[in-house]
Amino acid sequence: MRFRDVREYAEVDSTNRVAADLVRAGAGEGLVVVADHQTAGRGRRGRSWEAPPASSLLVSVVLRPSVDHALGPCGPVSGAPAHLVTVACALAAAEACADVAGFAPGLKWPNDLVVGERKLGGVLAEVPLPGLAVVGLGLNVRWPGPMPAHLQPIVVTAESVAGRPLDTRELLDAYLVRLETRCGDLADAAAVVAMMSDYRRRCVTLGRDVRIELPGGRSWAGAATEVHDDGSLEVSCDAGSRRVTAGDVVHLR
């Protein structure tokens, strides 16, 4: 089991920031940083992750994402695509929800866990040093008191879906067990192929009409048709098919 070094905090600014600092101080693969509350949790593209204390599973793990095989257009090639680390963590989180809470969330490209159209959680990978990745997971477990009205249409908690109280520590343990298996998959070309197939099967973005929002306020719309082995999303639009490697995806009704 690689995840033996688990460090728990009552409050931090960001579990990813703490884990990255520990990596720079010498910590290696297998470090796990868990917090009850984040005061400056980070999401993609500089966004914040906000949640009340003791309401979420907030965890960052340190992985060494070097793999013996990666996928190219003609099959296995040498390399270590960073997107595979995010895919492994997102799948492990979805599997942990199924194990503990009895439901399997969908995966919205590129890194969100969703139930219907509402966000359950997200994954954020960062590279503080060459060869080591810090991957953070924020998963909404419960919401003390009424959820603010502006969040109700877009946010969901695991307890509200499960219909019962859940043990956050049990979710963490299940996540680390599932992630151990998924990390093992990264070292085998056939297992990587199967992992990407699992991701596509769970990806609720595929088959949807979407709007792609790019930095600088640019956007365009089309139909999401494929997630390629390099992690890019293919979208069919009036101008033809385009591959998206970065940006926000809005599911259109």
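How many bridges join strand E14 to E15, and which way do the two strands run? Five bridges join strand E14 (residues 233-237) to E15, and the two run antiparallel. The model is a predicted one, in which local features need pLDDT of at least 70 and side-chain atom pairs count only at pLDDT 80 or more, whereas totals for chains, interfaces and linings use all residues. Residues are numbered from 1 along each chain as its sequence is written, and side-chain values use heavy atoms, with hydrogens and water left out.

**Overall make-up**
- The secondary structure of the protein comes to five helices and 16 strands, taken as DSSP runs numbered from the N terminus (helices H or I, at least four residues; strands E, at least two).
- Of the 253 residues, 51% count as buried, where buried means under 20% relative accessible area, exposed over 50% and partly exposed in between (1.4 Å probe, protein chains only).
- Among contacts (heavy atoms within 4.5 Å) between residues at least 6 apart in sequence, 63% join residues at least 24 apart.

**The five-stranded sheet**
- Five strands form an open, antiparallel sheet in the order E15-E14-E13-E12-E16, two strands being paired if DSSP finds at least two bridges between them.
- The edge strands, each pairing on one side only, are E15 (240-244) and E16 (248-251), and the twist averages 45° from one strand to the next.

- Ser 219 lies in strand E13 (residues 219-227) and counts as partly exposed because its relative accessibility is 44%.
- Leaving aside residues up to four places away in sequence, Ser 219 touches Arg 211, Ile 212 and Glu 213; Ser 219 and Asp 248 are 29 residues apart in sequence and 9.3 Å apart in space, C-alpha to C-alpha.
- The charged end of Arg 242 sits over the ring of Trp 220, 4.0 Å from its centre (the rule asks for NZ of Lys or CZ of Arg within 6 Å of the ring centre and within 35 degrees of the ring normal).

**The seven-stranded sheet**
- Seven strands form an open sheet of mixed pairing in the order E1-E2-E5-E11-E10-E9-E8, with E1 (5-12) and E8 (106-108) as the edge strands.
- Four bridges join E9 (residues 112-115) to E10 (residues 118-129), which run antiparallel, and Val 115 stands opposite Arg 118 in E10.
- Helix H2 (residues 83-101) packs on the sheet, touching E5, E8, E9, E10 and E11, and its direction makes about 145° with that of E10 (axes are lines fitted to C-alpha atoms, for helices over the stretch in contact, and angles run from 0 to 180 degrees between N-to-C directions).
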